[in-house]
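Dear colleague,

Please find below the structure that I am handing over to you.

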Amino acid sequence: MPQFMLENKLRVFLFFLSKVSQRAMDELFRVLHKFILPEGNILPENYRGAKALIEDFLTPAEVIDVCPRDHVTFRGSRAHLSQCPECNTNRYEESEGSKRAVKSFIYMPIIPRLIRWYELDSIAKKLQSHSSVSSGPWMEDIFDSPVWKDLYCPSGPFNGDKRSLTFAISADGMDPYQRCGTSYSMCPIILRCFNLPSGERNKFGHMILSTIIPGPSCPSDLNPYLEPLVDELLELNDGVPCMDAAGSGEMFELTARVIMGVFDTPGLAKFTKNASTNAKLNACGHCSVKGKYSKPYRKTVYTGNRKFLPENAGMRNSLQFHGGRVERKRAPKRKCREKMKRVGTRIVEMEQLAVALDANQELNTERFKPRDEANRLRSKYGKKGLEEMSRLPYYTDGFETPVDLMHCVQGIAKKFFQLFTGYSNYKARSIIEAEHQLGRFETIEPTSTPWHLTLEEKRLADRRLLSLRVVKGFNVKPRKLFENTPNMKSIEWLKIFSHGIVKYAIRGMLGEEQMDTFSEFCDVVSMLTDYRVMQADLEDMALRVSTTMSKIERDFPIAMQTLVTHMLHHAPYYLGRYGPAYLQWMFGFERFNSFLKSRVLNRKSPEVTAIESYRIYEFCQTMALAGLLPEGAVTSESSNALDSTQNENAESHLLLGRRQTAPTVTLESADLQKLKRIGITPSANPTKYLEAKNSRNKMSEYTCREADRRNLCSSLVAYNDPVGLGKILVCQICHFLNIPTGASSTEEVARVEVYATREETHGLLSISPVPHGEHISHTYVRCSQLPPPLISAVEDGKIWLLDVNPRYLSDVQLIL
């Protein structure tokens, strides 16, 4: 097909991709034909005619009937059945002389899409680019992780073939009518390809939607909806013929694996058929810990955090914990997936035997009760059955479900806020009365609890929050949180805890022990959610997590000890296996769900319209990402706001195009001397800029003091003291210079003022005075050597620095 014809056919759908319904498209075509275009034009007459132009290029879609009670699919050997073989529910319903399936879903095969990826040269090259990526001792992407190296080593499952693909799978329910006051839940099943560069893998055109589990309620069992996907994964495990456009069109056997499941806690329980979070048994999907029912709180709690400490840890001997006992027990063992598979298989067998015996009591000559055996296994292991993914041969040793730190931190953060503010079921009096029943905090009165904020303290904390100055790209606006806690996204909860914002806002308001423990928790969250991990730090990281969680159990009410609090102990293990936390959380998948939600334009059949829109969008995006369309022909959307730590194809530093009216600057002799000491000799007057960007930093956009606004400041950066006294120096950027150094070469530098920091409480730093007072010196720094900008706040004539991370202090020697 000629290039211009393909472009024109894709442009037909721009309106539809911009959230316009099919009925609106039909009306648009009608108006164009009747009032604007001449007779005999070749524009389609309606949406169906337009879609027919590219129907052959779209991902095929298969309608599969499923049991109304989510037991089985009617495909393969069950395709001829008219009733569910497990519950005898009718497959069809009759209406006006015709019959149709009671429940069905649309499945889109993944193998044709993977083959198409490799048939496009530009995408095929991206899929194989991981072999040349390395971050030294740091793990900044999954490419640096032990799991990845084991997969792609010559003796690994892929036999060293870099063309083999690895995926993460996720299933998360969503309400497409959330803003309409209705209750409806549909659940997309999505795959994300890890072989793509970090800046590409979360683009919506590269996220693979296999199906959407239909509503209006959550399915009782995910197995039927995963069955066709698992069938394809089994085929991909053996290999399918594919052409590599990046390798001169040679044929090869394409293999692929799903190595990771990314779920929130309820989703993980459904996916792995484990007990739910509120169960009074083994509900943790990672270890064999068992919760205990707390009568005063009327819920299951997970105490015993000291079990995860080393056996010689002094805190194990403390009597200040719940029960007033020394802790001698070891940490619970990790769950063996092979053993859990055997348990699940046994439960399924017992249930099938029970059904058979119910049908024919004469067979049960020994009066064996298989349901009792199944219930015993459920209670002991927290297992409800056998998950569909267990059919994969690598499921027991090549697939894991890491802790989703984003939702885990959100759950704990909400508990802290409810405790501080007294909202929900965390009223100060009811909490302390429950603690008294447990024999804890008996000397504390309800009016003076060390974790509850008074009204005046809430207002002061909110004023401090309003004084925040966040960096560009932080995406969390300063606002009040304590007097009336708003609904916030999980990623917002994560940011305000990991960047020291809450710690700054409530400093001096809690009891001394409570404030120290809460400050340690914020530091642990920052460490766990860092965008890079070092293997040598994992042992210390695990110790800090277990120590901090033990202190939370000691210094705060037992109500804090929920399943998500316990699951934080398992996070360091998965960070060491797969790399940074951003690879393991659901942010990218949730963003994709929001994209699908915006495509639901028909309330009668939301899943159908979302899939219809996705099929068209995926094709258009694939063509655009493959370079087969001119730039801007189709808008590209991405869920990559947090996941991308670097852009492999970008320059390491580049100045933006915002500069002063009189951009040239005349340098004085002292400035020339300082520039010379960092190896720069200007050949002409430099150009002055107000903004700059370092594309390889975590927070990449910078401003200068002149460009800072009231609540937006990206001009503060931190360095180690060049004198070697262990101090931290903070630099405020005055402006940026593009300095000519030759006929066609330039250097990009920042002029900075250097301040000495003052250590404040709980790891917070400050500089003074604000904003133009005395400073140590001014100097110049190359833009490529700027560390990430700092979040700050202004209070009491000082600039407070909230997220100074020793890991990112630049070791560049400042010329003072």
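The structure holds zero disulfides, where a disulfide is defined as a pair of cysteine sulfur atoms within 2.5 Å. Please note that this is a predicted model, in which local features need pLDDT of at least 70 and side-chain atom pairs count only at pLDDT 80 or more, while totals for chains, interfaces and linings use all residues. Residues are numbered from 1 along each chain as its sequence is written, and side-chain values use heavy atoms, with hydrogens and water left out.

Cys67 is buried at a relative accessible area of 0%, and Cys187 is buried at 9%; buried means under 20% relative accessible area, exposed over 50%, and partly exposed in between (1.4 Å probe, protein chains only).

Next come the helices and strands, which are DSSP runs numbered from the N terminus (helices: H or I, at least four residues; strands: E, at least two). Helix α13 (residues 405–421) packs against helix α16 (residues 490–498) at an angle of about 70°, their axes being 8 Å apart. Axes here are lines fitted to C-alpha atoms, for helices over the stretch in contact, and angles run from 0 to 180 degrees between N-to-C directions. The angle makes α13 roughly perpendicular to α16 (65 to 115 degrees; under 35 is roughly parallel, over 145 roughly antiparallel, and the rest oblique).

There is also an open sheet of five strands in the order β14-β27-β28-β25-β24, with antiparallel pairing; two strands pair if DSSP finds at least two bridges between them. The edges are β14 (468–469) and β24 (758–759), each with a single partner strand, so one side of each has no neighbour in the sheet. Strand β14 pairs with β27 (residues 792–795) in the antiparallel sense over two bridges, and Leu468 stands opposite Ala793 in β27.

Finally, some backbone features deserve attention. Most residues other than glycine have a negative phi, and most peptide bonds are trans. The peptide bond from Gly215 to Pro216, however, is cis, with omega near 10°. Asn88 has a positive phi, near 60°, and is exposed at 53% relative accessibility. His762 also has a positive phi, near 55°, and lies in the loop between β24 and β25 (765–767).

Yours sincerely
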